[in-house]
Amino acid sequence: AASHNIVIIGGGAGGQAVAASILKRQPDQDIAIIEPQQAHYYQPGWTLVGGGVFSQAQTKRTMTSVMPKQVTWYQTAANKFEPERQQITLENGERLSYKALIVATGLKLDWEAIPGLNETLGKNGVTSNYRFDLAPYTWELVQSLKSGNAIFTQPPMPIKCAGAPQKAMYLSCDEWHRNGLLDNISVSFCTAGAALFGVQAYVPALQKYIDKYGIKLQLQNKLTAVDGPNQRATFAVTDAEGNTTTEVKPFDMLHVCPPQKAPEVIATSPIADEAGWVDVSPESLQHTQYHNIFALGDIANAPNAKTAAAVRKQAPVVAENVLSMLSGKPAIAVYDGYGSCPLTVERGKIVLAEFGYGGKLLPTFPTWLVNGTKPSRLSWLLKEKMLPWLYWDVMLKGKEWLAAPSHSVTKSKPASVEDACNF
Ligand code: FAD
């Protein structure tokens, strides 16, 4: 088997960011990235594609352009993990051995879990900003809809960017509002969850927009089937007593956020927890059982918001801990659970949710500049102008602007999650 010091599975946000962070520390480090795709996507931009603000092209680059030159790229997928032998097997049957393994495969969008959905995506008014090719269709539908029912769905957690289903809805409503059409369009937010947003501090600001746009907030409404040709969506609706009934709702536009799960290859491997995610310590992002395996991004089972913003803080922590481990030292760099969700409540304004483990608010800016719990114009400028640059030119280049890891003082008593805020 070919061998590398560090093997990274996945060349998305997490894989590229951690490779860049490691190379910043040790430019000669021997790293391989396993990644089958030719293209790398800036997924946070898809909300703005669906809102008619960004072009599709602004969210896509070639994999080669984001892959550090020093890295050996295996353009294929990993399909078997043998942690006891420190080996993985690639799709073509080739084996690779490693001293350290970093898993960053992201998650799987489970379109197939909703009968009827796959075959109607991109037509019959059914769309999703969760796919590069469909985000422009969202904007097309928003512009063509003059009256009728618009339904926006959200599946059970965990999902990546938990705010994205709402962002699509608010930007659509804003456009209809500006064109004087909103009175003729009945908008529903059907979420499988029991609250509008997971962190209470942001709920009042979001509720104001629900009220302003006249959105019907339908909690514990889980999408279970779609009939595209007849434009009907089926929901499992749970009431306060816990009784579940089936409801069929007609739609003219349906924006679906699909259920999400760990990819099969991870879920069935020895490195997964019971739910299928890679089982890591939430602070060090080191595997709970195999000390030379780490995970970051959406595939890790750490209870942070699954976002690229989380990756920005996780990458330097994993980089430091992997290099410590390789030199026989303990993994003491600490991730505080930071994640961020810029909620586009209207074109030009954002509620900037930033929080860590346990829902602890972790604002980047002082409140006088940006109060994250209130809609802000500056936050919109941040999302539109700054964050793409922060992603491509800072995070993927290993420049750890505002993301330097903190460290627990001793290995035997790691800093508690609550103490680990690094701003
Ligand atoms: P990804 O970036 O998805 O990359 C995973 C990579 O692994 C892929 O390239 C894939 O091809 C590869 N891979 C998969 N399986 C294998 C395998 N077996 N072998 C080898 N390679 C494999 N985040 C924010 O911070 N802010 C936002 O506003 C925001 N908005 C979002 C809006 C939408 C609509 C979406 C879809 C996401 C949004 N996100 C946002 C979330 C963010 O994009 C993800 O959290 C982030 O990309 C996770 O990085 P990752 O590396 O874990 O996964």
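Okay, let's start at the ligand: 34 residues surround it, and the closest are Gly14, Glu35, Lys167, Asp298 and Ala309. Before I go on, keep in mind that this is a predicted model.

So what touches the ligand through polar atoms? Asp298 uses its side chain: one of its polar atoms sits 2.8 Å from a ligand oxygen. Asp298 is also on that list of closest residues. Ala13 works through its backbone instead, with a polar atom there 3.1 Å from an oxygen of the ligand. And then there's Ile34, where a polar backbone atom is 3.4 Å from a ligand nitrogen.

Now let's zoom out to the domains. The chain splits into two, and domain 1 comes in two pieces, 2-107 and 262-419, while domain 2 covers 109-260.

How much area is buried between domain 1 and domain 2? About 2,900 Å², with carbon and sulfur atoms giving 67% of that. In residues, 37 from domain 1 are in contact with 33 from domain 2.

On the polar side of this interface, there are 9 residue pairs in polar contact. As for salt bridges, the count between the domains is 1. Here's the pair: Glu346 and Lys212, side chain to side chain, at 3.9 Å from N to O. The cut-off is 4 Å, so that pair does make the list.

Which elements of domain 1 give two or more residues to the side that touches domain 2? You've got helix H2 (46-50), strands E21 (339-346) and E22 (349-355), and helix H9 (377-394). Glu346, from our salt bridge, is the residue where E21 ends. By class, that side of domain 1 has 17 nonpolar residues, 12 polar and 8 charged.

The search turns up 13. One I'd like to show you is Glu320 with Arg25, their side chains meeting at 3.1 Å, N to O. That pair links distant parts of the chain, 295 residues apart: Glu320 is in helix H8 (residues 308-326) and Arg25 is in helix H1 (residues 13-25).

Technical notes:
Residues are numbered from 1 along each chain as its sequence is written. This is a predicted model: local features need pLDDT of at least 70, side-chain atom pairs count only at pLDDT 80 or more; totals for chains, interfaces and linings use all residues. Side-chain values use heavy atoms; hydrogens and water are left out. Domain bounds come from an automatic or database domain assignment. Contact means heavy atoms within 4.5 Å. Buried area is the accessible area (1.4 Å probe) that two parts lose on being put together, summed over both. A polar contact is a pair of N or O atoms within 3.5 Å; within protein, one must be able to donate a hydrogen and the other to accept it, and residues adjacent in sequence count only if both atoms are side-chain atoms. Helices (H or I, at least four residues) and strands (E, at least two) are DSSP runs, numbered from the N terminus. Ala, Val, Leu, Ile, Met, Phe, Trp, Tyr, Cys and Pro count as nonpolar, Asp, Glu, Lys and Arg as charged, and the others, Gly among them, as polar. A residue is near a molecule or strand if one of its heavy atoms lies within 4 Å of it.
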